[in-house]
Amino acid sequence: MQNGDQQYSMEDETYTDIDGKAISLECQRHSGFCREFTVSSAKVSIGRVMVYTCAVWLTAYIIFFVTENTAVLSSAIIITLVGMMVHIHFVKVDHETLLIIGSLGVQVSSSYASGRESTDFIEMGKIKDIVINEAIHMQRVIYYLCILLKDPSEPDAVSSVVPLFQSSKPRLNCLVKVYKSCQEILAKC
């Protein structure tokens with residue numbers, strides 16, 4: 001690593017998402033004013049893809065056998081392939097990154113299973129605070145990290161909320177680690 005960058009994986013604690021699936025948290029400290037947090041989810045399971053594909057194709061073959069309509073088989077193949085491509089390119093996020101730079105702002109990135117990335121940047125002047133919020137989801141309380149944006153017309157008010165780590169959905173113990181580190185940087189600004 002260059003320029004005194006420190007990378008440390010927060011391995012002392014195991015992290016899971018709200019559904020109990022394992023995730024990992026990696027932190028890079030680039031300087032006292034710059035930290036990068038990456039939350040990674042499990043990769044696409046080939047076994048799971050094979051099971052779904054076989055189930056759809058077997059169902060299509062049974063329907064074909066009964067109706068003798070070849071369009072059923074063709075449709076099943078096309079729907080399965082298009083569905084897999086859409087899932088890999090637009091739905092399945094491999095990892096999400098939060099880069100906070102004290103003097104500039106916050107960059108939020110998502111890397112999808114297909115290799116596609118999406119990135120958003122929020123200037124520090126627009127950020128009121130970074131907080132852990134709670135919500136009710138499926139009859140249980142979940143926590144999420146979010147950025148509170150200032151209302152341009154009234155600086156003490158919040159205009160909107162930007163949730164972070166929406167795909168990986170880490171549990172509270174992981175969010176607290178990221179929150180404390182972000183607050184250290186925000187306190188220096």
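Here are some worked exercises on pockets, a sheet and a few single residues of this structure.

This is a predicted model, in which local features need pLDDT of at least 70, side-chain atom pairs count only at pLDDT 80 or more, and totals for chains, interfaces and linings use all residues. Residues are numbered from 1 along each chain as its sequence is written, and side-chain values use heavy atoms, with hydrogens and water left out.

**Exercise 1. Describe the largest pocket: its volume, its lining and the elements that supply the lining.**

Step 1: start with the method. Rolling a probe the size of a water molecule over the atoms shows where empty space is left. On a 1 Å grid over the protein atoms alone, a pocket is an open set of points where a 1.4 Å probe fits, with protein on both sides within 12 Å along at least five of seven lines. Lining residues have an atom within 4 Å of a point. Grid points are joined across faces, edges and corners, and a volume is the space filled by probe spheres set on the points.

Step 2: read off the volume. The largest pocket has about 720 Å³.

Step 3: look at the lining. It is made of 26 residues, and V44, S45, R48, H87 and K92 lie nearest the centre of the pocket.

Step 4: assign elements. Helices (H or I, at least four residues) and strands (E, at least two) are DSSP runs, numbered from the N terminus. At least two lining residues come from each of β3 (22-31), α1 (46-67) and α2 (70-91). The largest share belongs to α2, with seven residues.

Step 5: Ala, Val, Leu, Ile, Met, Phe, Trp, Tyr, Cys and Pro count as nonpolar, Asp, Glu, Lys and Arg as charged, and the others, Gly among them, as polar. The lining then holds 12 nonpolar, eight polar and six charged residues.

**Exercise 2. Do the like for the second largest pocket.**

Step 1: the volume of the second largest pocket is about 240 Å³.

Step 2: its lining has 14 residues, with V108, S110, D120, P163 and Q166 nearest the centre. Two or more lining residues come from each of β5 (93-101), β6 (105-112), β7 (117-123) and β10 (158-163).

Step 3: by class, the lining of the second largest pocket has eight nonpolar, four polar and two charged residues.

**Exercise 3. Work out the strand order and pairing in the open sheet of three strands.**

Step 1: two strands pair if DSSP finds at least two bridges between them. The order is β8-β9-β10, with antiparallel pairing. β8 (127-137) and β10 are the edge strands, each pairing on one side only.

Step 2: count the bridges. N133 has Y144 in β9 as its bridge partner, and L148 stands opposite V161 in β10.

Step 3: Axes are lines fitted to C-alpha atoms, for helices over the stretch in contact (heavy atoms within 4.5 Å), and angles run from 0 to 180 degrees between N-to-C directions. Helix α3 (residues 172-188) lies across β8 and β9 and runs at about 165 degrees to β8.

**Exercise 4. Compare M138 and F165: where does each lie, and is each buried or exposed?**

Step 1: recall the background. Most residues other than glycine have a negative phi.

Step 2: apply the cut-offs. Buried means under 20% relative accessible area, exposed over 50%, and partly exposed in between (1.4 Å probe, protein chains only). M138 counts as exposed because its relative accessibility is 68%. F165 counts as buried because its value is 5%.
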